[in-house]
Amino acid sequence: MNILVLLKMVPDVVEELKIGDDFKSLDRDWLRFILSESDEHALEQAIILKEKYGGTVTAVAPDAPELDDALYSALAKGADRAFKIIGEWDIYRSPGLAKVFSRFIEINNIMGEQTLILSGSQAIDDLEGEIVYYLAEFLGLPGCCVVTSVQYNPDSNCITLLKEFSGGLRGEFELSLPAVIGIQAAENPPRYIPIAKIRNIMKTQKIEEIEIPVEGIPNGLTIEKLFEPEVTDRAEILEGTPEEVARKLVEIFSDKGII
Amino acid sequence: MGNGIIIYIEHLRGIVSDISFEILGAARKIADDAKMTLYAVVAGKKVDALLPGLGKADKVITIEDDSLEMPTPRAIADILNAVGSAKGISLYMIGGTNISSGIGVILSVKQKIPLINLCKNIRYDDGAIIATNQLFGGKILSEVKIEDSKGIFCINPGSFKSEPGKSGTFPQTETFEFKSKESKLKFIKIIEPDLSDVDISKEEILVSVGRGIGSQDNISLAEDLVAVLGGAVSASRPVIDQGWLPLNRQVGKSGMIVKPKLYLALGISGAPEHVEGMKDSSLIVAINKDPAAPIFNFAHYGLCAEIEDIVPVLTDCIRNKKG
Ligand SMILES: Cc1cc2nc3c(=O)[nH]c(=O)nc-3n(C[C@H](O)[C@H](O)[C@H](O)COP(=O)(O)OP(=O)(O)OC[C@H]3O[C@@H](n4cnc5c(N)ncnc54)[C@H](O)[C@@H]3O)c2cc1C
């Protein structure tokens with residue numbers, strides 16, 4: 001199987017997010033970038049599939065701060081090649097990035113009968129929806145998101161998927177390759193790679209840089225403004241020593257008849 | 001303004017999803033404010049049983065076909081595209097659910113109109129439709145404006161009340177002929193959650209752990225608390241994805257919808273996909289070390305603290321109280 005994993009960096013929301021002076025974008029001086037969480041899972045699922053069924057894993061991402069670390073980490077985990085699409089990509093969202101990825105696929109002549117394209121199901125900044133479905137439309141391939149398991153049957157060249165619905169229900173689906181799949185969670189949690197191994201990879205393997213023509217690639221929707229949620233009935237914050245707040249909580253629980 | 005709004009009525013196993021009523025209510029208001037016609041599209045193998053209660057729409061357009069038992073997003077997008085073209089409408093509202101995921105994107109490619117995802121509010125204002133979106137796990141909101149009534153809005157579940165969308169009257173209906181194309185994506189079966197050890201949706205007390213719990217070992221802090229408080233341990237998605245707790249403990253969009261008497265959230269940030277599953281709990285208490293965590297916008301009481309500092313003390317305190 002020939003697996004392509006599409007990756008994207010996003011702001012780490014554990015850090016404080018500050019709105020920029022234009023009130024339309026985040027202040028980039030404050031941002032720390034990490035690989036989108038579901039992309040991390042897509043990468044893991046790709047490596048798992050390679051280990052089970054053989055083949056190659058190629059990781060691709062548009063340039064962003066901290067991207068090199070993420071790509072070296074992908075190589076250390078078992079990706080065969082890692083591509084950085086150079087350029088300025090912050091004004092593009094899913095429709096534009098999917099166009100960029102589809103051009104990457106075209107230029108590198110990647111599509112084949114056994115090609116499986118994986119990406120994260122949805123990122124925290126996907127204001128215009130999932131990249132996976134845009135790409136599936138652009139390439140004329142079947143697509144499916146919110147997937148938590150992928151099994152491959154080499155004889156029929158089909159994959160079996162589990163897709164999450166709601167209320168704990170899941171649906172089983174089958175489709176033949178080539179296809180584009182949005183991973184929500186890999187079969188196993190993303191593996192941990194020691195820094196030493198990543199440092200070693202930095203010496204022996206290279207991130208390949210590639211340029212993609214941007215003509216005709218749509219910018220994102222215009223955001224009128226960004227703002228922080230205004231809350232009318234925010235939680236009453238209990239303060240004091242651990243013993244004091246614990247006692248207050250116990251009082252609340254007994255007032256409400258919980259204990 | 002355009003000719004109308006088309007909304008998609010999502011259903012699973014013969015039941016109309018709550019999100020469809022949320023959207024019916026919200027779209028009804030926009031249609032009234034903008035003086036537009038509200039169409040609701042119902043597609044399925046059999047649709048009759050789904051129609052009562054959809055009376056808030058001016059007209060329900062029905063499509064029946066055997067191939068629509070578990071339709072692919074592409075099949076539904078094809079239908080919405082055809083209905084929109086027939087009626088001259090390019091304004092749509094769809095549920096931002098796992099089941100409906102993909103419909104909006106595919107429709108946006110077909111119609112060459114923008115998709116506005118993650119909407120928690122949508123209103124009509126002086127000729128424009130304005131949406132508010134939940135970005136970055138609910139920490140930041142954005143506002144997007146559509147002035148030509150061409151766009152697809154995907155609504156996050158739980159954004160609106162469903163009651164205003166419910167109606168006792170049978171809607172006016174119109175059948176729509178549509179032959180869907182053969183799909184490469186084949187539905188095989190539905191898999192039920194394994195509830196043999198616990199059904200968290202039936203528990204009155206949930207101590208729910210998020211990524212902030214830090215490690216699998218620390219889950220015992222929650223288990224010790226449950227041992228004195230009663231109830232069960234539940235979790236947010238990352239805890240399940242790490243394999244620290246089984247799938248049947250997940251609360252949220254993909255997990256279970258819970259409404260316990262007490263929901264105690266330990267180290268959960270309060271992302272929209274999590275809140276969707278627990279926002280109707282009677283009493284929500286959150287312990288989180290980040291004062292800006294969105295969970296404090298939903299909780300009744302909050303403690304801005306480290307889990308490790310509070311939970312063992314709380315467990316002791318309850319144990320003493322109960323004697
Ligand atoms: C299609 C889709 C479906 C999804 N379905 C679900 C679902 O069903 N359920 C679900 O939960 N999520 C779901 N998600 C994921 C969701 O978007 C969030 O990523 C997830 O809810 C975050 O979980 P969390 O709050 O535990 O982790 P984080 O967002 O990482 O938050 C951890 C929190 O812990 C706090 N913390 C850290 N250390 C401590 C400490 N020592 N003491 C106190 N506090 C601490 C931090 O301040 C932070 O607020 C879904 C996402 C998508 C795209």
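**Reading the interfaces**

Guide: Buried area is the accessible area (1.4 Å probe) that two parts lose on being put together, summed over both. Chain A and chain B bury about 6,800 Å² between them, and carbon and sulfur atoms give 65% of that area. Glu137(A), Phe165(A) and Glu172(A) supply 9% of what chain A buries against chain B, more than any other three residues. This is a predicted model, in which local features need pLDDT of at least 70 and side-chain atom pairs count only at pLDDT 80 or more, while totals for chains, interfaces and linings use all residues. Residues are numbered from 1 along each chain as its sequence is written, chains are lettered from A and ligands numbered from 1 in the order in which they are written, and side-chain values use heavy atoms, with hydrogens and water left out.

Visitor: How many residues does each chain bring to the contact?

Guide: Contact means heavy atoms within 4.5 Å. By that rule, 78 residues of chain A and 76 residues of chain B take part.

Visitor: How many salt bridges does the rule find across the interface of chain A and chain B?

Guide: A salt bridge is a side-chain nitrogen of Lys or Arg within 4 Å of a carboxyl oxygen of Asp or Glu. The rule finds 4 across this interface; one of the salt bridges joins the side chains of Arg237(B) and Glu164(A), at 2.8 Å, N to O.

Visitor: Which residue classes make up the side of chain A that touches chain B?

Guide: Ala, Val, Leu, Ile, Met, Phe, Trp, Tyr, Cys and Pro count as nonpolar, Asp, Glu, Lys and Arg as charged, and the others, Gly among them, as polar. That side of chain A has 43 nonpolar, 14 polar and 21 charged residues.

Visitor: What domains does chain B have?

Guide: Domain bounds come from an automatic or database domain assignment. For chain B, the assignment gives domain 1 (4-175) and domain 2 (200-322). Their centres, taken over C-alpha atoms, are 33 Å apart.

Visitor: What joins domain 1 of chain B and domain 2 of chain B?

Guide: The two domains of chain B bury about 740 Å² between them, 55% of it on carbon and sulfur atoms. Asn98(B), Gly137(B) and Lys139(B) supply 49% of the area that domain 1 buries against domain 2, more than any other three residues. The rule finds 1 salt bridge across this interface, and the side chains of Asp290(B) and Lys139(B) meet in a salt bridge at 3.1 Å, N to O.
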